[in-house]
Amino acid sequence: MAKKLQEAEENLAKADKLMKTTVFRWSPDYMSAAPYLEKAAEGFRAGQDYARASTTFVRLAEVQYKNQATFRAAMHMETAAKLHLQYAPKQPLAAKEYYQTASGYYSETGELGKAAEMLMKGATALEDVGYADVKTMYLEACDLMEAQEKPHFAVDVFRKTAAFLLKRKEYDETIANYTKQIGLFQSIDQQENMYKAFVSIVVLHLAKPDVVAADQAYMQHLQDDGYLHTDECALSEDVIAAFKRGDEDALKAVLKKPHWQYLDTPIGRLARSLTMYASRAAQPARAAAPQPPPVQIAAPRSAPSVAAAPVAAVLTPPPPPVVQAPPAAVEEDEFDLT
């Protein structure tokens with residue numbers, strides 16, 4: 001093992017020497033340095049120095065990219081990512097960057113399928129070491145498969161992405177994923193899988209829970225003439241009807257039907273967990289009517305020539321006016337003129 005490490009150091013020194021400029025070599029000789037870098041990387045891996053092996057494979061990938069050997073550069077970058085997770089599983093950010101770089105290299109060569117596969121491999125490897133921030137990798141893989149225009153190969157990527165999103169309870173994005181799956185199944189004429197995607201969307205809406213959206217989606221799916229006579233259509237109709245009536249017993253009866261097991265496993269598991277109580281708990285309480293703001297009366301401005309009165313005096317109400325009684329009528333003396 002020590003001999004392997006020593007040989008790796010020697011090969012690395014030779015590669016570094018070739019990549020330095022001298023009086024007679026005005027630019028790095030990447031073409032001649034690549035074989036020495038590869039021997040050094042393999043030597044470090046054989047000597048179980050995975051940290052040095054990973055960084056050397058990264059350098060090798062960069063050199064091969066400069067040599068316009070982009071496909072080989074992507075392969076070496078993937079190897080660097082695997083080795084990094086092997087010796088530093090608690091520091092996965094570098095490995096994530098390596099996987100994304102490898103995917104970018106494959107994209108440059110036109111291998112969109114390989115690029116998507118690299119992102120999926122990276123996401124799975126990162127999840128295995130406890131790193132969960134891989135959503136963008138799944139979504140980018142789906143975008144690459146859509147751009148490739150090979151729906152047969154795209155279905156598996158979309159299903160794995162849907163399972164990942166559903167595990168995180170991101171129902172809206174899962175619905176968007178199944179909507180795209182419908183387009184894929186239409187293009188390859190797989191009506192059975194398309195109908196399963198129909199009922200999957202209904203289940204996802206009910207899990208939110210949004211009965212109105214589920215009913216609207218169901219009515220839209222009925223535009224397909226063949227869907228009306230399928231078991232998936234009956235499942236959608238029965239489960240929506242149970243939610244509309246608020247009938248928990250009817251819902252349990254629908255969920256006991258064996259047809260749910262033919263859907264994607266995460267969707268079937270989600271369907272069996274549907275309950276009426278979650279729908280009722282999600283209904284927002286009626287908000288109280290807002291009270292009008294209190295009326296504020298501004299104090300009257302004092303005349304410019306008069307000194308401003310104290311605030312307390314301004315706010316003191318004036319005394320009520322004194323009401324004077326009317327003067328009593330004067331009685332005239334009577335005289336007897338007879």
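T161 counts as buried because its relative accessibility is 0%, where buried means under 20% relative accessible area, exposed over 50%, and partly exposed in between (1.4 Å probe, protein chains only). You will find T161 in helix α8, residues 151-167. Helices here are DSSP runs of H or I with at least four residues, strands are runs of E with at least two, and both are numbered from the N terminus. A polar atom of the T161 side chain sits 2.8 Å from the backbone oxygen of V157. Beyond its neighbours within four places in sequence, T161 is in contact with M120, Y138, L139, C142 and N177, contact being heavy atoms within 4.5 Å.

A word on the model itself: it is predicted, so to speak of a local feature takes pLDDT of at least 70 and side-chain atom pairs count only at pLDDT 80 or more, while totals for chains, interfaces and linings use all residues. Residues are numbered from 1 along each chain as its sequence is written, and side-chain values use heavy atoms, with hydrogens and water left out.

Now step back to the whole protein chain. Its secondary structure comes to 16 helices and zero strands. Of the 338 residues in the chain, 38% are buried. Among contacts between residues at least 6 apart in sequence, 57% join residues at least 24 apart.

P28 counts as partly exposed because its relative accessibility is 27%. P28 and L18 are ten residues apart in sequence, yet their C-alpha atoms are 6.4 Å apart in space. Not counting residues up to four places away in sequence, P28 touches L18, M19 and T21.

Next comes helix α2, residues 30-46. At 1.5 Å a residue its 17 residues should span 24 Å, and its end C-alpha atoms are 24 Å apart, which agrees; the expected span is 1.5 Å times one less than the number of residues. The buried residues of α2 are A33, A34, L37, A40, A41, G43 and F44, and what covers them includes α1 (2-18) and α3 (50-66). Just after α2, Q48 takes a positive phi of about 65°.

Helix α3 also has 17 residues, and reaches 24 Å from its first C-alpha to its last, close to the 24 Å expected. Its buried residues are A53, S54, T56, F57, V58, L60, A61, V63 and Q64. These pack against α1, α2, α4 (70-87) and α5 (93-108). Just after α3, Q68 takes a positive phi of about 65°.

A cavity is a set of points, on a 1 Å grid over the protein atoms alone, where a 1.4 Å probe fits but cannot get out, and lining residues have an atom within 4 Å of a point. By this rule there is one cavity of 30 Å³ or more, and the largest cavity has a volume of about 50 Å³. Its lining is formed by R159, Y178, Q181, F185, N193, K196, A197, S200 and D264. The elements giving two or more residues to this lining are α9 (171-187) and α10 (191-207), and the largest share, four residues, comes from α10. By class, the lining has three nonpolar, three polar and three charged residues, with Ala, Val, Leu, Ile, Met, Phe, Trp, Tyr, Cys and Pro counted as nonpolar, Asp, Glu, Lys and Arg as charged, and the others, Gly among them, as polar.

Conventions. A polar contact is a pair of N or O atoms within 3.5 Å; within protein, one must be able to donate a hydrogen and the other to accept it, and residues adjacent in sequence count only if both atoms are side-chain atoms. On a 1 Å grid over the protein atoms alone, a cavity is a set of points where a 1.4 Å probe fits but cannot get out, and a pocket is an open set with protein on both sides within 12 Å along at least five of seven lines; lining residues have an atom within 4 Å of a point. Grid points are joined across faces, edges and corners, and a volume is the space filled by probe spheres set on the points.
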